[in-house]
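Let's read a model together, one feature at a time.

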Amino acid sequence: MTAIRILVGSVYGGALMTARAIKKRLEPEGHTVTVLENPVLDDITGNDDALLVCTSTTGQGEVPPNLLPFYLALREQLPQQPGRPFGMIVLGDSSYGDTFCGAGELLEEALYETAARKVGNTLRIDALETAEPELEALPWTRDWINTL
């Protein structure tokens, strides 16, 4: 089965609840899922688990405070992750226009700079349309795992 590390960026808890729902659904199927609420670079450099970023977007398309140190360290140190698969689930609010789900774009770009390999399309969950993001994230994650 698949080993997955979920890098969580959450302000009000929606992304964290979504990550925990993914873990709860996948572990009984034999997958190993680690939810990292305050990830650091060491969480990704000592293993080759698939990465799943599950983050909200704050302010004007910014990375949430709990994920910001990881993001900044990733950009500064660029630990090479050649071919490492990653996926992206981003929660946002489309009323913010151009910055909608901006945190996901920033993290995706940073992961590309480490030579990681994106698997599947980014799941963008709009708070104006979905009150329970996990309902969209769970089927998407199952499809994502099948393409790893």
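**Pocket, helices and rings**

Q: Happy to start with the pocket lining: how do its residues divide by type?
A: The lining of the largest pocket divides into eleven nonpolar, ten polar and two charged residues. Keep in mind that this is a predicted model.

Q: How does one find such a space, and what volume does the largest pocket have?
A: The general idea is that rolling a probe the size of a water molecule over the atoms shows where empty space is left. Here, the largest pocket holds about 390 Å³ of space.

Q: Which residues lie nearest the centre of the largest pocket?
A: Look for Ser56, Thr57, Leu91, Gly92 and Ala127, out of 23 lining residues. At least two lining residues come from each of helix H1 (14-26), strand S4 (85-92) and strand S6 (123-126).

Q: Now to helix packing: at what angle do H3 and H4 pack?
A: Helix packing is read from the two axes. For helix H3 (residues 68-77) and helix H4 (residues 102-113), the angle is about 35 degrees and the axes are 9 Å apart. The crossing of H3 past H4 is left-handed.

Q: Which residues of H3 and H4 meet?
A: From H3 come Tyr71, Leu74 and Arg75, which meet Leu106, Leu107, Glu109, Ala110, Leu111 and Glu113 of H4. By type, this contact has six nonpolar, no polar and three charged residues.

Q: Finally, how many aromatic pairs does a search of the whole structure find?
A: The search finds two. One of them joins phenylalanine 86 and tyrosine 112 edge-to-face, at 5.6 Å centre to centre with 75 degrees between the planes. Phenylalanine 86 sits in strand S4 and tyrosine 112 in helix H4, so to speak distant parts of the chain, 26 residues apart.

Terms used
Residues numbered from 1 in each chain as written. Predicted model: local features only at pLDDT ≥ 70, side-chain atom pairs only at ≥ 80, totals over all residues. Heavy atoms only, no water. 1 Å grid on protein atoms, 1.4 Å probe; cavity = no way out; pocket = protein on both sides within 12 Å on 5 of 7 lines; lining within 4 Å. Points joined across faces, edges and corners; volume = space filled by probe spheres on them. Helix = DSSP H or I, 4+ residues; strand = E, 2+ residues; numbered from the N terminus. Nonpolar A, V, L, I, M, F, W, Y, C, P; charged D, E, K, R; others polar. Axes fitted to C-alpha atoms, helices over the stretch in contact; angles between N-to-C directions. Left-handed = near helix turned anticlockwise from the far one by under 90°. Contact = heavy atoms within 4.5 Å. Phe/Tyr/Trp six-rings, centres within 6.5 Å; stacked < 30°, edge-to-face > 60°.
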